[in-house]
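Reader: Could you please walk me through this structure, starting with any enclosed spaces?

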Amino acid sequence: MEWFDTWGLSLIVFLPLVGALLLMLLPREQEESHKWISLITTAIVLVLSVVAAANFDYGAAKSFQYEVNESWISAIGAYYHVGIDGISLPLLVLSGFVTLLSVIYSWNHWEEPRNPRAFLALMLVLLTGMNGTFVALDLVLFFIFFELVLLPMYFMIGIWGDKSERELPVFGKTVSVRLYAAIKFFLFTLFGSAFMLLGFLALYFNSADSVARRTFDIPALIARAPELTMLPVAGWIFAGLFLGFAVKVPMFPFHTWLPDAHTAAPTVGSVLLAAILLKLGAYGFIRIAIPILPEQAKQWAPIIAILAVIGIIYGALACLAQTDMKRLIAFSSVGHMGFVMLGIATLTDVGINAAIIGMVAHGVITGLLFFLAGSMSHRYHTRDMGRLGGNQSLMPMLGGILAFTAMASLGLPGLAGFWGEFMSLLGAYNPLEGLSIGLFRTAMVIGAVGTVLTAGYLLWMLQKVNLGEPNAEWDGHEFHDVDKFEMAAWVPLIVTIIAIGVYPKIVFGATTDAVQALVQTAFGG
């Protein structure tokens, strides 16, 4: 498998791009060919990711493996440097896994104006951007992949999104929901990325005195962290990185694009947005901001913790105010990602491990919730929870899967959602030495209250949607329960939710050593 050590990651990143080009070369009418090419491409990418995981040296999970480091743009010292360690491996596998299931689900679920060729091509380009972000070890490469995901998602929302209209509160104009959401998503994330880019450039120019020694290389910058973190501008650099990553997470108060984007996006767009795209920001904190600027991470940790718990409580309360099922799930992501950021803010191996397993769990659980919300919307032609009552009696299988997924989302022990929230609170009890114990333990208590509120709004959603008698307007309607494509896409997610819940070492086996090494290198002790 020597060839895999050299070519494996590049294939995982760029094979989807080749698949997208193939799709665009075929006539638009050949829908079956488009579907099969997309399915085969994403299946190969997942198989390659599994091969990478199977051949990964877990005894050396703290080191980058399958590394390729070739000169790319010599004029600015940018390299094609890719590799994975125990932190990036689970997220890389998650990306291929969810995208394959999204292709399977899409087989007979197309939003208007259909056009499977363009939709699947965008999905494959998105996969290249997501995988590239998780393997990039050069800041220029990381930035390009990080930004690459913007365009496919923008077009997914803008073309296949919600076609209803809404009135802009300040301007009094009526606009299409999908265009409003797409533009808001694009501008918000681009705004954050501009500051992140400035941070990257500042790191490059301050990485060495001589031009020849300046670098965008992430491992090299981590090695120079003791000097970089003492720079007078280090606080400003961290602020720029914080803005870029916080918008992408999204953290409160930078989250306002998320509910609109999720609500307007087509089902698969919402799934990929929740399952993978939201993880890019949190991953950026762990991969770049914390290890390169550890002192600034300590200074910002209380702010991040405060914003995280505000996000947890705000997200939960906002959920209780929703009538749209999809919008409720969108706001729940703000709360769940709040737990992820609380774990990161503790700057401990327990907290950062919690953040990574929390990201994986949120990916599979909330991804499944958006699949379910999309299928229900497809059948009922509404997402209004006031009209969806009695779903359990109309579609027992779909209702049962919804109940299971809601239990996983509220953090029921034995299911995947439990570990991220539990360990995040555990990490907050005992944060990194030097951080305010009082503040973090207060955050822990508030976070614990958030878990109760989370259970409250998810049970309330179940009561509104699943239980009771069906609305009179559905009398005489025939509803088809889960079809074979939905089942094929959802069963692997259900199995994963149970597997991680019962045996979290599936994730921790890869992450623990890498996270401990990160904390040790950044903060010593």
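**Cavities, a helix and one aspartate**

Author: The largest cavity has a lining of 15 residues, and those nearest its centre are His336, Gly358, His362, Gly417 and Glu421. A cavity is a set of points, on a 1 Å grid over the protein atoms alone, where a 1.4 Å probe fits but cannot get out, and lining residues have an atom within 4 Å of a point. This is a predicted model, in which local features need pLDDT of at least 70, side-chain atom pairs count only at pLDDT 80 or more, and totals for chains, interfaces and linings use all residues. Residues are numbered from 1 along each chain as its sequence is written, and side-chain values use heavy atoms, with hydrogens and water left out.

Reader: What is the volume of the largest cavity?

Author: Its volume is about 140 Å³, where volume is the space filled by probe spheres set on the points, which are joined across faces, edges and corners.

Reader: Which helix gives the most to that lining?

Author: H15 does, with 7 residues. Helices H14 (325–345), H15 (349–380) and H18 (417–429) each supply at least two residues; helices here are DSSP runs (H or I, at least four residues) and strands are runs of E (at least two), numbered from the N terminus.

Reader: How many of the lining residues are charged?

Author: The lining has 1 charged residue, beside 6 nonpolar and 8 polar. Asp, Glu, Lys and Arg count as charged, Ala, Val, Leu, Ile, Met, Phe, Trp, Tyr, Cys and Pro as nonpolar, and the others, Gly among them, as polar.

Reader: And what lines the second largest cavity?

Author: Its lining includes Val249, Phe252, Leu307 and Met341. The division is 9 nonpolar, 2 polar and no charged, and H14 contributes the largest share, 4 residues. The space inside is about 40 Å³.

Reader: Changing topic, which residues of helix H6 are buried?

Author: In H6 (residues 150–160), the buried residues are Leu150, Pro152, Met153, Met156, Ile157, Gly158 and Trp160. Buried means under 20% relative accessible area (1.4 Å probe, protein chains only). Among the elements covering them are helices H4 (116–135), H7 (177–205) and H12 (267–292).

Reader: Where does aspartate 162 lie?

Author: Aspartate 162 is in the loop between H6 and strand S3 (165–167).

Reader: What does the side chain of aspartate 162 make with arginine 383?

Author: The two side chains make a polar contact at 3.4 Å. That term is a pair of N or O atoms within 3.5 Å; within protein, one must be able to donate a hydrogen and the other to accept it, and residues adjacent in sequence count only if both atoms are side-chain atoms.

How values were computed: Buried means under 20% relative accessible area, exposed over 50%, partly exposed in between (1.4 Å probe, protein chains only). Contact means heavy atoms within 4.5 Å. On a 1 Å grid over the protein atoms alone, a cavity is a set of points where a 1.4 Å probe fits but cannot get out, and a pocket is an open set with protein on both sides within 12 Å along at least five of seven lines; lining residues have an atom within 4 Å of a point.
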